[in-house]
Amino acid sequence: MRLSQMLFVTLREDPAEAEIPSHKLLLRAGYMRRVASGVYAYLPLLWRVLNKISDIVRDEMNATGAQECLLPQLQPAELWRESGRWDTYTKAEGIMFSLIDRRQQEVGLGPTHEEVITAVARDMVRSYRQLPLHLYQIQTKFRDEIRPRFGLMRGREFIMKDGYSFHTSESSLKETYQEMYQAYSNILRRCGLEFRAVDADSGAIGGSGSTEFMVLAEAGEDEVLYTEDGKYAANVEKAVSRPVEAMPSTFSKFEKLETPNTPTIESLAKFLKCSPTQIVKNVLYQATFDNGRVVLVLVSLRGDQDVNDVKLTNELTKLAADYGGSAVITLGVPDEDAQRQWAAKPLPLGYMAPDLGDDYISGGKEVEPKFLRLADRTATDLKNFVTGSNETGYHVVGGNWGKEFTLPKQVVDVRKAVAGDRALHDPSQTLQTARGIEIGHIFQLGTKYSQALGATFTDENGAELPLVMGCYGVGVSRLAQAAVEQSYDKNGIVWPVAIAPYQAIVVIPNMGDDLQVEAAKAIYKELLSVGVEALLDDRDERAGVKFKDADLIGIPYRVVTGRALRDGKVEVVDRATGIVQEVALAEVVPLIKGWIVDELLASR
């Protein structure tokens, strides 16, 4: 491709909208343009990158026997109501674009396709002889992000590969799950990315277990906790660990003490000269279930620990049926406005005890009249602990479960694991932290969707059973930007060879020099003839502009037909290392071709 004929416009300054390096570089280098908030046009250079990633994804998926299809983007609300996710996606998470068509029927733009694919299987799969079955697609998805940001990382429209498998048993599902674990590892490795596979929370997708594939980068939105021995890695939302040991209590008898101006754990520990590990703190949450029922949740945990909202949501979801619901719509610490809706009297915030009276709740048609009391495991073994007294300005010390306080019936793990905690599998290993960009996520769904939508098969004994399902997603457009976030320098993008839009660029410093022009054209044609994807920068621009643009767009290898031509040589620049060397004209094409082949082979 001749650069003079390409839609190619670069920017010298960072766009004001861009926040992280990869977003800035993709805009500056002319790979994409913003059309609306969270919506981008993929320009020719980026489209080549996306097609290369898609080809690698297809290659690895097809190698497992998965079959490609294409599912509708417009999905009827009825299917989502059958699965019970319509309200979750349109109200709780609020990420589905929903609308009413001219027939007054509700439809949504697909953020994911579990319901649609399950309906297809329900209609077409009859016998165990048709299983296992694995279908996938590469398609545009839509999610109404509350705050689109970081370009393709958190957009409202994006390209994704999503796949779904159907099985007769959990053991068959686990086989495909492991195949996908390997396939996803292969995809990221072939794309030239450094990544880590981690245990993850299944979220609104559901299922018994899931694994995220994280591309490691400082700008990652997710925190990954892992051990140096390589035996444990998890998203912080899912991570489990052993907290540091609690200090023995310095209090031997139960008494109420005046503790003015100590509403925080830090201020209380300083005032009483005690360790935060000796304190039981009590955090109030307000949860709303999908039937509109509001439940006030009082969580007791050790003072040096924090609540993991995802873990808490999962625990409340397990209890949803007790309140006539099936899912948590909202969860948060109630502010003053929220408290006014249900509080019978002012709460002793910062001084609450595990036995905070239910009479603080005024009740009402939609508000549960009693607190749901949960105890995190970090609090259950504490003895002679410090906690609130339910009176502002006072705490009690020397408290014990089973004596001064009743231990809640619901003992759960809702604490947030942090770097420095001890690993469960080996207490000598401490958790380390890294930032990651979620690129892939695989789920063992089980029968959640097949039971809800009535998708069954007949086994060899004639019994009708629900299909066992798996789900597997890769963010294609997000992967492209993640590659940039992981590999760039002060001059621009540094693409891995496998997904670079072009593998080499031939630059003519002086378009008025016939020798440079003819040599460049000859090298360019020869590169194309041996299968190297090449650009020819034949624009009527200054040499400095061309060199800066070549660095900015990140083409792996650059050939410059400059002054060295007088000696029968050209300048070759390796974008990743910055190494510059002069190479004889006859040797330049075989050299670059060899480098490309070696790098592609090394990534497999």
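Predicted model: local features only at pLDDT ≥ 70, side-chain atom pairs only at ≥ 80, totals over all residues.
Residues are numbered from 1 along each chain as its sequence is written. Local features need pLDDT of at least 70, side-chain atom pairs count only at pLDDT 80 or more, totals for chains, interfaces and linings use all residues, and side-chain values use heavy atoms, with hydrogens and water left out.

Let's start with the layout.

| Domain | Residues |
|---|---|
| domain 1 | 47–72 + 110–240 + 433–484 |
| domain 2 | 74–109 |
| domain 3 | 255–415 |
| domain 4 | 502–603 |

Taken over C-alpha atoms, the centres of domain 1 and domain 2 sit 22 Å apart. Where they touch, 19 residues of domain 1 contact 16 residues of domain 2 (heavy atoms within 4.5 Å). Together they bury about 1,600 Å², with 59% of that on carbon and sulfur atoms; buried area is the accessible area (1.4 Å probe) that the two parts lose on being put together, summed over both.

Now for the charges. Three salt bridges cross this interface (a side-chain nitrogen of Lys or Arg within 4 Å of a carboxyl oxygen of Asp or Glu). Elsewhere in the list of pairs, Arg85 forms a salt bridge with Glu114, with the closest N and O atoms 2.9 Å apart.

On the side of domain 1 that touches domain 2, α5 (114–124) and α11 (448–453) each supply at least two residues, and α5 gives the most, with five. Helices here are DSSP runs (H or I, at least four residues), numbered from the N terminus.

Methods
Domains from an automatic or database assignment.
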